[in-house]
Amino acid sequence: MGLSKQLVAEQSSFESHYAGGSSGWQSPEQLIARDGGIVRQTRSMDIFSLGCVMYYCITGGGHPFGNSYERDRNILHAQPNYVPLQGQAEAVNMLSAMLLKDAAARPSMPGVLGHPMWWGAEARLQFLVDISDRCEREDREEDATLLSALESHALSGLGTNWGAVVDPLLVANLGRFRRYDYRSMRDLLRVVRNKKNHYRDSPHELQRLLGDMPHGFLRYFTSKFPNLLMAVYTFSVRHLGDDPILAQYWPAGVAACEPFAAAFARTHDVAAVQPAPAQIAASAASAAAAAAVAGGITSAESPTASAQQQQQQPGLAPAAAAPQPLPAPAPVPVAARGTPGHKCQGSAGGSGDASSASAATASAAQPSDGAGDAASPAPPAHALALVHTGGSGSNGGGSGHGSGGVGGGGGNAARGAGSPSGAPTAGATPTRGGLRNGGGGGGGGGGGGDKPQVVGYEESGESVPTTTPKFPQRPGKSLCEFYSKTGTCKYGDACVYDHPREYGVALTPLGLPLRPGQTMCAFYAKTGACKFGPSCRFHHPPVRPIFAGTAAAPSTPGNVPPPL
């Protein structure tokens, strides 16, 4: 099928006018030579023919280029068909590299032998654990390049929200110990690592769900995320190739693995899936908040989390030390509330007193700290749909059980429990992850009983009434710099600068800006709330909650695009 010629040890190619092998199983170079063309015939021809044979074995008699009468044409036009390999991501990746039309881009035989397709369940699982260990603390590094590279593979490996793919039982169990970002690759790898290392400590019901170790356990995650292994493999080959601990996973060297990484990146367009800086900042803020909760403080009290939020909004001044309440045009639902002291960011000076803050009557309000929550109007029905509680709990000093998270927490380590009705409890103070009861609530949200587990929010496509706040126009005066960047002004009618109408931004009933040309606010997509209110630079469309276990697993493409 391939060269049909024995080469000496130092020889890797030869020139010939004859093309050996059977029609339909020959590489493109051999077909060219068969028609009289002169091409350099290399060992790469054997890789191509071997790929055809392996496809035949895996599919039980199929051929990657179709029926006999169309094979040669499809080979010359680089049109393989991987639909019969749907869900077998490792096989698709290996064969798509072996069957490339460009002979120079095909892998070597040592590279093929070292491909993850040949790894056993134990090796695959350990690889994921090792990568998790390596990237665990990358959010604490000043250089976020490695973490950014890992998260750039999240969409191809996990989809948009992995919490919606896994079972609610697992999500509820995760919420007992820490908070997770359901859009983060690093956090899912952390789940795999922690559940593997603490498998014996898991409830029997969860052990039955995850399956036996290692085969059933690995199968659970790979059935949910067929591209997970190859996404992590591609990342590690390109960014961790020089790590001595990981050298065991590429015995022929990293260079031999690159054709497979290139094939995966080409298939899933990984290069075009770079996470926005806000997503990286939000991921880091999530980790800082979890660490703060573990230390007994809320994320609002955590200096690290506060710093990360400032990074999410470049160019904005720090929050004022003594926030003042702003009048609201409409009651703000609990689900839209952020940390205590949630308010619009100040303009250039970054400071705001009570008189200047009260002048912003046209702006959407952000809730003030603490005391007024018990007397606040009841949230509207659509907001109650975003609040999910579970189990039982008590306000004040009692211990809360179950999930009390609001927004993306989904019960994840929420401090205290909500009321069984789903409405916020009296005296509860909104925090980033959920409701903290006034008297210091009990344990974090774990099982929610029959209550759904919220793992994030997605755009609903609904239309909502909007308002565009008007600020004073003062022709001849300098343009208000903060207004020109954000469409809002903290000082309202008291501002001495000009506010042209063209810079105005429409606000939703939650007081959050609609910016269709921008990416969706990462924190808003995670929690249904935004700390920065009208001054946030990102888009805040109407959203609906995403529930655990409601999404299908990401699929493996049936047809792999050829390299450009």
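Mentor: We will go from the whole fold to the cysteines, then to some helix contacts and a loop.

Mentor: Keep in mind that this is a predicted model, in which local features need pLDDT of at least 70, side-chain atom pairs count only at pLDDT 80 or more, and totals for chains, interfaces and linings use all residues. Residues are numbered from 1 along each chain as its sequence is written, and side-chain values use heavy atoms, with hydrogens and water left out.

Trainee: OK, how many helices and strands does the protein have?

Mentor: The protein has 20 helices and 6 strands, taken as DSSP runs numbered from the N terminus (helices are H or I with at least four residues, strands are E with at least two). Of its 564 residues, 55% count as buried, where buried means under 20% relative accessible area, exposed over 50% and partly exposed in between, with a 1.4 Å probe and protein chains only. Among contacts (heavy atoms within 4.5 Å) with a separation of 6 or more, 71% are between residues 24 or more positions apart.

Trainee: And how many disulfides does a search find?

Mentor: The search of the whole structure gives 0 disulfides, a disulfide being a pair of cysteine sulfur atoms within 2.5 Å.

Trainee: Switching to helices, how do α6 and α12 pack?

Mentor: Helix α6 (residues 121-135) and helix α12 (residues 215-224) pack at about 60 degrees, with axes 9 Å apart; the axes are lines fitted to C-alpha atoms, for helices over the stretch in contact, and angles run from 0 to 180 degrees between N-to-C directions. The pair is therefore oblique, since angles under 35 degrees count as roughly parallel, over 145 as roughly antiparallel, 65 to 115 as roughly perpendicular and the rest as oblique.

Trainee: Which residues meet there?

Mentor: From α6, Ala 121, Arg 124, Leu 125 and Leu 128 meet His 215, Phe 217 and Leu 218 of α12. In α12, Phe 217 and Leu 218 are among the buried residues, and what covers the buried residues of α12 includes α6, α9 (168-174), α10 (185-197) and α11 (204-210).

Trainee: What about Lys 196, which helix is it in, and what does it touch?

Mentor: Lys 196 is found in α10 and is partly exposed, with a relative accessible area of 25%. Not counting residues up to four places away in sequence, Lys 196 touches Leu 125, Gln 126, Val 129, Met 213 and Phe 217. Lys 196 and Leu 125 are 71 residues apart in sequence, yet 8.8 Å apart in space, C-alpha to C-alpha.

Trainee: Then where does Pro 251 lie, and is it buried or exposed?

Mentor: Pro 251 lies in the loop between α13 (228-239) and α14 (254-268), and at 66% relative accessibility Pro 251 is exposed.

Trainee: Since you mention α14, at what angle does it pack with α4?

Mentor: Helix α4 (residues 89-98) and α14 pack at about 105 degrees, with their axes 9 Å apart, and that makes α4 roughly perpendicular to α14. In this contact Asn 93, Met 94, Ser 96 and Ala 97 of α4 meet residues of α14 including Pro 259, Phe 260 and Arg 266.
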